[in-house]
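I opened the model today to look up a few things about its strands, its helices and its confidence values. These are my notes, in the order in which I checked each topic.

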Amino acid sequence: MTTPSRDLWAHLRQHTPARIALGRTGVSLPTREVLDFALAHAQARDAIHLPLDTEALCAELAQQGWPSPPVLLQSQARDRHEYLLRPDLGRRLDADSVQRLGAAGDTGAPAPDLVLVVGDGLSALGIQLHGAALLGAIRRALHPGIRLGPLVVVRQARVAVADEVGERLGAAAVAMVVGERPGLSSPDSVGIYLTHAPRVGCSDAQRNCISNVRPAGQDVETAARRLAWLFEESRRLGLTGVGLKDHSGLPLAGLPAGARPELG
């Protein structure tokens, strides 16, 4: 039996989950690394196809003390198969959801400063595992004087569906919390996309993205504080996207347990 050779970069593996310093057996990868890769690939595929359990998510949010249940909506993609084949359908609400959102927004209250939208995206697993905790952290991080609109959850959602939600609610800004495309070491990653003056047709250049929110990446408290900082800056400048730079001074990687990030 051939013994796998040790890679000279092996000591670097303690600093990253990336597939480096895998070693080799002859001219091939060791069996363990081949099997680990197959497992990671299967986990990524499962994360894409796993449906979002909205009932469990709503229960978690209720335990956190959200004042009312989220408004549950659906994009024009009827199922996961169509969602994956037709990204455009995931960017718009279906007819029933438009009516439901209209009823939720018809309260006579002033237009919201910010609407939080949750979407399954390409990793419902990420939202299932971290969505409620992230939303709770966001609510704590935002200035208490900010008028939040109704919390909205969209199934079969792409990032841009939040533009329609924000526009129909007359919101000054919208923050989309969405499951990110799984990587081979990150099937549960969540992203946050902040858009000032949301409307159908906004481009990605008009958004700010906070990515890799998960325990092994950017922790929820840091991500929430980053969003709060970006939101306040967007209000001051009247924009988001390429014209809004992140000078918050917050770390991009996770913090040690119990540590609190400090604003720069």
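Entry on confidence. I am working with a predicted model, and I noted that the protein chain averages a pLDDT of 89, with 93% of the residues scoring at least 70.

Entry on strand 4. Is strand 4, residues 173-179, enclosed or open? I found that seven of its seven residues are buried, so strand 4 is largely enclosed by the rest of the structure. I then sorted the residues by side and found both faces covered, with Ala173, Ala175, Val177 and Gly179 buried on one side and Val174, Met176 and Val178 buried on the other. This made me recall that side chains alternate between the two faces of the sheet in a regular strand.

Entry on strand pairing. I looked up strand 2, residues 115-119, which runs parallel to strand 4 and is joined to it by five bridges. Strand 5, residues 190-196, runs antiparallel to strand 4, and I noted seven bridges between these two.

Entry on helices. I checked helix 2 (residues 54-63) against helix 5 (residues 124-141), which pack at an angle of about 25 degrees with their axes 10 Å apart. The two helices are therefore roughly parallel to each other, and I recorded their crossing as right-handed. For the contact itself, I listed Ala56, Leu57, Glu60 and Leu61 of helix 2, which meet Ile127, Gln128, Ala132 and Leu135 of helix 5.

Terms used: Residues numbered from 1 in each chain as written. Predicted model: local features only at pLDDT ≥ 70, side-chain atom pairs only at ≥ 80, totals over all residues. Heavy atoms only, no water. Buried < 20%, exposed > 50% of the residue type's maximum accessible area, 1.4 Å probe, protein only. Helix = DSSP H or I, 4+ residues; strand = E, 2+ residues; numbered from the N terminus. Pairing = 2+ DSSP bridges. pLDDT = per-residue confidence, 0-100. Axes fitted to C-alpha atoms, helices over the stretch in contact; angles between N-to-C directions. Parallel < 35°, antiparallel > 145°, perpendicular 65-115°, else oblique. Left-handed = near helix turned anticlockwise from the far one by under 90°. Contact = heavy atoms within 4.5 Å.
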